[in-house]
Number of protein chains: 2
Amino acid sequence: MSDSSWIAVDAMGGDEGLSVMLAGVARARRRFEGMKFLLVGDEAAIRDGLKNHPNLSSNAEIVHAPDIVGSSETAGRALRRAKTTSMGIAIDCVKQGRAGAAVSSGNTGALMAMAKLALRTMPGIDRPALAALLPSLGANDAVMLDLGANTECDARNLMQFAVMGAAYARTMLDLESPRVALLNIGSEDQKGTEEIRDAAQGLRAATHLPLRFTGFIEGNQLSRGDVDVIVCDGFSGNIALKTAEGTARFVADLLKRAFTSSVRSKIGFLISRPATELLRDHLDPNNHNGAVFLGLNGLVVKSHGGANELGVATAIGAAAKMVQADLARRIATDLGNFEKQTS
Amino acid sequence: MSDSSWIAVDAMGGDEGLSVMLAGVARARRRFEGMKFLLVGDEAAIRDGLKNHPNLSSNAEIVHAPDIVGSSETAGRALRRAKTTSMGIAIDCVKQGRAGAAVSSGNTGALMAMAKLALRTMPGIDRPALAALLPSLGANDAVMLDLGANTECDARNLMQFAVMGAAYARTMLDLESPRVALLNIGSEDQKGTEEIRDAAQGLRAATHLPLRFTGFIEGNQLSRGDVDVIVCDGFSGNIALKTAEGTARFVADLLKRAFTSSVRSKIGFLISRPATELLRDHLDPNNHNGAVFLGLNGLVVKSHGGANELGVATAIGAAAKMVQADLARRIATDLGNFEKQTS
């Protein structure tokens, strides 16, 4: 089995390069005691970069990888170079049991393809689903999946996402019986595609699952805090997540324009600054970084390509929490029960 | 042909009732000189309500309708009552040429079904597409369609939406050659569903259309002002639009919390207030109200069910602009050229 105290980090992935990845690791190490890291990438460059982070000297090992997966490389090409790239070798560390999870800021498509080939999907799962946390007005964030791994989904896929998302919410958000909803374009029974209506019927019937199915949720309710798990196909999920990100930035840009439009508003802004900075923190995607592929026999966490040091540390922290909670095993158990109940 | 100075208003539809509809009509009348209204609904109630709006006395006529379409009524049931309901009769005023456009705040599904049956779709169009304007950081708003009328779309549907959306942008936003993009989950050619990839190929090939196809756009770019027309299937479009609305409200709620979190921040807020009120205006959905069904032989405008007086006036203003610009005819011309070029 995997050694839960080690996290394999693809040190070369991401738009911001090695120095941000190492700074993120060092920051995570300061926040979480007892964590150890396999830093996968160019040995000489990593050794050089570590000079700036003495706090990693006793708890990080370098795993040399001669190659890098490009940011726009196709999954097919990346797969053929799994044995020489930092991304491929980081995932292999999980497969070999050297690490409890792998974290990469690299190309999502390549990461999914490599993780799937190396770790294999759980019984009954065709493709892993990408899950992330969404900020909300409620007591806890909401889990949302799938966020782009599965462009088209049938009813059974959606039901499996519900089971996996609920296991994630129970483990990571400490909820006993998470409220689960399907993303749809209306709340009435007859709304949406056949796949969604069938999934709703199936979830309503599967009363023995450790979740509460609450029906359909619309795009304007995602952040209200009314549900804990939002289930959708990867196309809609990707559109919704990115639209939410874009709209939050749009409103922030308009706010900046408004506050700098006159001397009076500038003064008001300066006075309110401590409050608006709290808000900025709350909305900063770096504070919510770390999506995970669910349905694999092992944990692979996707950090945003543009994540900064804080974002990388957040993703690593999420990975550590998943490892400690043994998330992959809990999902396997729940999926097994689901397959038994519905087959 | 239709008399362009008259607008038929379903006075009974919407969550806010007759008084808000009439106040909206009166407000629109003050803003747009020369507009005349057919107020469709319960004659006695409308006559009573008009006492509060003397400015409508000389330019509004009442068209009696004994019945109302319920807010959660199925389209099938509503269709059977087209001849007695305020919604059905308002649409019939367009069909009979008594009005240039109909405006309703009622049930969207019923409105689409009734409009389609009474006005019929243009040649080559299976179902009308719902289009609306999205606020952006650019010089103009962006047109987005479909927003929920067509849950599933093939490549040809998406290409027709592009042609109709471009005609809308040319007419309503005064753009000569609008920039058109397809909503997708990535910008690379191989991303998304087969339907989207085929539509992109078709739009790239159709170089004689009065539009500039710019490729794919992701959810986080909707408000950047980089494109004028955003084309998508009704499911994704509904999810994206509602997610944008919900996120804007979410950020506003967080901002309110931040500003009221301390005496200091409250003072700062009061000082900045004129600036933040401009922002609130800019984001108020009532200032962007008025979606339109494109691809019908006549204009039917959907006002948001929860629109206030300002929102109803905005939707009526949009309808008036569409009538004056002869939008339906311009779309018919462009669609005809498109069918000739691609068949």
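Biologist: How many salt bridges does the rule find across the interface of chain A and chain B?

Modeller: A salt bridge here is a side-chain nitrogen of Lys or Arg within 4 Å of a carboxyl oxygen of Asp or Glu. Across the interface of chain A and chain B, the rule finds 4. In one of them, the side chain of A:Lys242 meets that of B:Glu218 at 2.3 Å, N to O. Bear in mind that this is a predicted model: local features need pLDDT of at least 70, side-chain atom pairs count only at pLDDT 80 or more, and totals for chains, interfaces and linings use all residues. Residues are numbered from 1 along each chain as its sequence is written, and side-chain values use heavy atoms, with hydrogens and water left out.

Biologist: How much area do chain A and chain B bury between them?

Modeller: The size of an interface is often given as the accessible area lost when the parts come together. Buried area is that loss (1.4 Å probe), summed over both parts. Here chain A and chain B bury about 4800 Å², 70% of it on carbon and sulfur atoms. A:Ile185, A:Phe235 and A:Phe250 supply 14% of the area that chain A buries against chain B, more than any other three residues.

Biologist: Is B:Ser303 buried or exposed?

Modeller: Buried means under 20% relative accessible area, exposed over 50%, and partly exposed in between (1.4 Å probe, protein chains only). B:Ser303 is at 0%, so the label is buried.

Biologist: Which residues does B:Ser303 touch?

Modeller: Contact means heavy atoms within 4.5 Å. Leaving out residues up to four places away in sequence, B:Ser303 touches several, including B:Val103, B:Asn289 and B:Ala315.

Key:
Chains lettered and ligands numbered in written order. Buried area = accessible area lost by both parts, 1.4 Å probe.
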